[in-house]
There are 2 protein chains.
Amino acid sequence: METISGGVTAAMGFQAAGVYAGIKKQKQKKDMALVYSTVPAVAAGTFTTNVVKAAPVKWDMKLMKSGKKLQAMVINSGIANACTGTKGDLDNETMAKAMAKELGIEVDSVLTASTGVIGREMPMDAIVAGTALLKEALSDGIEAGHMAAESIMTTDTISKECAVTIELGGKTVTIGAMSKGSGMIHPNMATMIGILTTDAAISKELLQEVISESVQKSFNMISVDRDTSTNDTYVALANGLAGNEEITTKNADYAKFFDAVKYVSTTLAKKMAGDGEGASKLIEARVLNAASYEDAVLLSKSIITSNLVKAAVFGNDANCGRFMCAMGYSGVQFNPDIVDLFFESSEGKIMVVENGIGLVFNEELATKILSSKEVTVIANMKAGQSTATAWGCDLTYDYVKINADYRS
Amino acid sequence: METISGGVTAAMGFQAAGVYAGIKKQKQKKDMALVYSTVPAVAAGTFTTNVVKAAPVKWDMKLMKSGKKLQAMVINSGIANACTGTKGDLDNETMAKAMAKELGIEVDSVLTASTGVIGREMPMDAIVAGTALLKEALSDGIEAGHMAAESIMTTDTISKECAVTIELGGKTVTIGAMSKGSGMIHPNMATMIGILTTDAAISKELLQEVISESVQKSFNMISVDRDTSTNDTYVALANGLAGNEEITTKNADYAKFFDAVKYVSTTLAKKMAGDGEGASKLIEARVLNAASYEDAVLLSKSIITSNLVKAAVFGNDANCGRFMCAMGYSGVQFNPDIVDLFFESSEGKIMVVENGIGLVFNEELATKILSSKEVTVIANMKAGQSTATAWGCDLTYDYVKINADYRS
């Protein structure tokens with residue numbers, strides 16, 4: 001596997017665009033994106049488990065169910081089109097129709113996504129006009145993919161893209177993806193918005209399995225604020241242009257493809273956690289030797305979602321009790337009296353709890369470790385063989401600032 | 001029922017003390033408290049469900065199980081005596097022993113509690129000396145109870161006390177209590193530390209039922225930061241000095257007593273939520289007409305624990321989508337398309353969502369309502385008859401500040 005530059009336009013036959021359509025107030029901020037495959041593509045996706053689902057989520061779930069090949073995804077940022085009732089569903093369909101008309105394809109091959117303020121109506125004049133701008137701007141190449149990645153940002157401070165190539169039966173297969181964060185991030189089955197494109201030939205069933213499984217170990221392992229969004233969407237389009245022998249069984253090619261998709265998804269997930277709203281650093285929680293994988297997942301997620309852990313890491317405060325406390329209420333039954341806890345970063349590694357007892361440690365070194373941009377906490381449960389890693393970010397003044405007046 | 005001044009010393013035969021023993025760095029901050037019943041009292045309690053339990057929690061659970069009457073509770077603030085291993089258990093027993101010796105009673109009639117930094121050893125010289133100071137300061141009256149309430153504060157900004165009287169068979173029965181917050185507050189079975197004293201005569205079994213049930217509707221319905229502490233403790237001592245006929249069945253006296261305990265517990269719980277770390281206001285979430293009581297509890301708690309809701313309320317931002325989103329991921333299955341949402345305070349009431357759709361509302365009035373010190377959000381689920389209320393607080397810069405460097 002080789003990492004390459006680019007995102008959703010990295011794979012053969014994929015084009016993209018990103019434009020300013022007038023949805024956001026500030027004109028310098030792009031707010032509509034298009035991802036397009038020149039040929040129909042096998043599609044798979046995972047979506048939010050929130051009971052309150054945005055109109056585009058309901059639309060995409062329907063398209064995925066149809067089993068049809070799909071060809072495009074149109075996305076707007078600024079307004080989430082959630083809590084908008086039947087009107088919201090109609091607006092969403094209008095957006096898909098307008099995009100389909102511009103592209104000369106069927107409306108039921110156009111996925112949609114929206115992100116932004118919940119409970120507001122979509123400005124349909126701007127959106128319909130935006131689809132024409134997107135068609136006009138549509139092109140190949142890294143830059144086009146980058147424009148699309150920028151257009152789906154809301155409170156994100158950096159755009160998130162990743163691409164890799166793998167060899168399958170002598171053919172080069174490319175996988176690219178983009179996603180956005182950065183608040184209301186606690187994905188459950190999927191992330192806020194992510195789209196993965198690949199020229200691999202693979203059956204719809206196996207593509208869905210690859211996406212569902214890799215999401216469990218990537219996007220579903222991050223949290224910025226424990227708030228599972230109404231709009232979480234992660235979709236994959238595979239157009240088969242790489243010419244590899246179609247993956248229809250779980251053979252060696254499948255394993256290679258799975259690993260590559262997992263790598264791309266995990267890379268984006270970590271970028272989202274590190275760019276969480278107001279975040280100054282990435283927190284990685286690695287739970288070792290848990291009694292089961294489920295336990296390891298619950299323990300690691302409990303650490304990175306604790307407000308007290310997050311605030312302590314922001315303050316470079318090696319307050320080990322907060323990490324123990326967060327594991328203690330995770331719902332997992334474990335013996336606290338055998339747990340070891342470590343902090344690690346590029347600055348070094350330090351043990352802070354041994355067999356459940358807080359140690360008197362070198363505070364200066366601990367502070368130095370916690371001051372890094374990426375901080376890892378390691379918990380050795382000594383209860384079994386299972387391991388899991390979760391990613392989050394610190395809780396800062398800026399998180400409060402951003403969310404105290406998000407709508408204005 | 002009549003509300004009266006005072007706290008743990010309001011009921012007959014209860015004395016208290018609060019002193020500075022040298023556990024906290026700042027000398028003006030008292031750090032040890034004692035509550036004492038002049039005669040042995042029936043005892044009941046609820047404790048944290050966190051797997052990581054502090055030494056005093058384990059001690060108290062053992063005493064409660066013994067079924068014996070108890071007579072005193074000694075509490076220290078500044079250090080939690082959690083994640084301290086066998087040494088912590090010994091230190092806790094030493095504290096109980098020293099207190100028992102000063103009071104001339106058996107060690108197994110002395111409850112203990114600790115609150116503060118996790119993972120640090122107890123300064124036993126200061127604590128043993130502190131028990132002598134407590135004995136010296138022990139006295140009747142409102143002021144003594146107030147000293148005790150002040151001594152258990154950590155990041156609390158106000159002490160929390162409440163007392164009421166009721167008539168049972170012509171006798172006046174008094175119930176008083178104190179508690180402390182204000183971070184790591186997401187009680188599950190109990191609260192950080194709370195102690196209720198009453199001169200009622202009641203059987204141990206029924207006292208335990210009253211405490212367990214009333215905790216469900218009071219302390220277990222508040223959250224400051226979703227962090228369930230290692231030290232949560234709520235205990236009740238009933239010494240029978242009021243002379244009422246002992247409550248041994250669920251008769252009319254039981255109902256009266258239950259309502260009074262629930263009132264006292266709820267009053268303290270709301271004070272804790274409103275005085276959450278860094279909080280500038282109390283948030284009350286009232287869920288009406290849910291399909292079941294369990295649903296109503298989950299929905300109301302999901303609202304008050306959402307960081308995005310909490311930050312929006314801090315910013316007086318009537319961002320109704322965040323409330324809908326929080327209910328959506330609560331785990332409850334409901335029809336979002338029939339839900340109505342309102343904001344209410346002393347400034348008025350406004351509907352912001354009707355049948356699941358965000359309304360265009362009077363922003364000026366909404367901001368005014370949200371600017372109040374106590375803000376209520378009401379969700380009408382239109383799905384059944386069940387109702388629940390939960391209490392939380394806003395997420396502010398000060399919460400981050402307090403917790404970025406709690407230990408120093």
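Colleague: What does Phe14(B) contact, leaving aside its neighbours within four places in sequence?

Modeller: In this predicted model, Phe14(B) is in contact with Val8(B), Thr9(B), Val35(B), Tyr36(B), Ser37(B), Asp140(B), Thr197(B), Thr198(B), Asp199(B), Leu237(B) and Asn239(B). Phe14(B) belongs to strand 2 of chain B, residues 14-19.

Colleague: Why is Phe14(B) called buried?

Modeller: Buried means under 20% relative accessible area. Phe14(B) has 2% relative accessibility, so Phe14(B) counts as buried.

Colleague: How far is Phe14(B) from Glu347(B), in sequence and in space?

Modeller: They are 333 residues apart in sequence, and their C-alpha atoms are 42 Å apart.

Colleague: What makes Thr233(A) buried, and where is Thr233(A) found?

Modeller: The relative accessibility of Thr233(A) is 1%, and the limit is under 20%, so Thr233(A) is buried. Thr233(A) is found in strand 10 of chain A, residues 233-238. Its side chain reaches the backbone oxygen of Asn231(A) at 2.8 Å. A polar contact needs a pair of N or O atoms within 3.5 Å.

Colleague: Which residues have the most contacts inside the largest nonpolar core?

Modeller: They are Phe257(A), Met327(A), Phe257(B) and Met327(B), in a core of 275 residues. Not counting residues up to four places away in sequence, Met327(A) touches Leu299(A), Ser302(A), Ile303(A), Phe334(A), Val339(A), Leu341(A), Ala379(A) and Met381(A). As a general point, nonpolar side chains tend to be buried together in soluble globular proteins.

Colleague: Why is helix 8 of chain A described as largely enclosed?

Modeller: Of the 8 residues in helix 8 of chain A (residues 307-314), 7 are buried, so the rest of the structure largely encloses this helix. The buried ones are Asn307(A), Leu308(A), Val309(A), Lys310(A), Ala311(A), Ala312(A) and Val313(A).

Colleague: What is found at the start of helix 8 of chain A, and what just after it?

Modeller: At the start, a side-chain oxygen of Ser306(A) comes to within 3.2 Å of the backbone nitrogen of Leu308(A). Just after the helix, Asn316(A) has a positive phi of about 55°.

Colleague: How do you know that the copies meet through the same surface?

Modeller: Of the interface residues of chain A, 100% are also interface residues in chain B, so the surface is the same.

Colleague: How many disulfides are there over all chains?

Modeller: The search finds 0. For Cys393(A), the nearest cysteine sulfur is that of Cys325(B), 16 Å away. For Cys320(B), the nearest is that of Cys83(A), 6.8 Å away. A disulfide needs sulfur atoms within 2.5 Å, so neither cysteine is in one. Cys393(A) is buried, with a relative accessible area of 1%, and Cys320(B) is buried at 6%.

Colleague: What makes strand 9 and strand 14 of chain A edge strands?

Modeller: The open sheet has 7 strands in the order 9-16-11-15-12-13-14 (chain A), with mixed pairing. Strand 9 (222-223) and strand 14 (357-358) each have a single partner strand, so one side of each has no neighbour in the sheet.

Colleague: Why do strand 13 and strand 14 of chain A count as paired?

Modeller: Pairing requires at least two bridges, and 2 bridges join these antiparallel strands, so they pair. Glu354(A) has Ile357(A) in strand 14 as its bridge partner.

Terms used. Residues numbered from 1 in each chain as written. Chains lettered and ligands numbered in written order. Predicted model: local features only at pLDDT ≥ 70, side-chain atom pairs only at ≥ 80, totals over all residues. Heavy atoms only, no water. Core = buried A, V, L, I, M, F, W, Y, C linked by side-chain atoms within 4.5 Å. Buried < 20%, exposed > 50% of the residue type's maximum accessible area, 1.4 Å probe, protein only. Contact = heavy atoms within 4.5 Å. Helix = DSSP H or I, 4+ residues; strand = E, 2+ residues; numbered from the N terminus. Polar contact = N/O pair within 3.5 Å; in protein donor to acceptor, adjacent residues only side chain to side chain.
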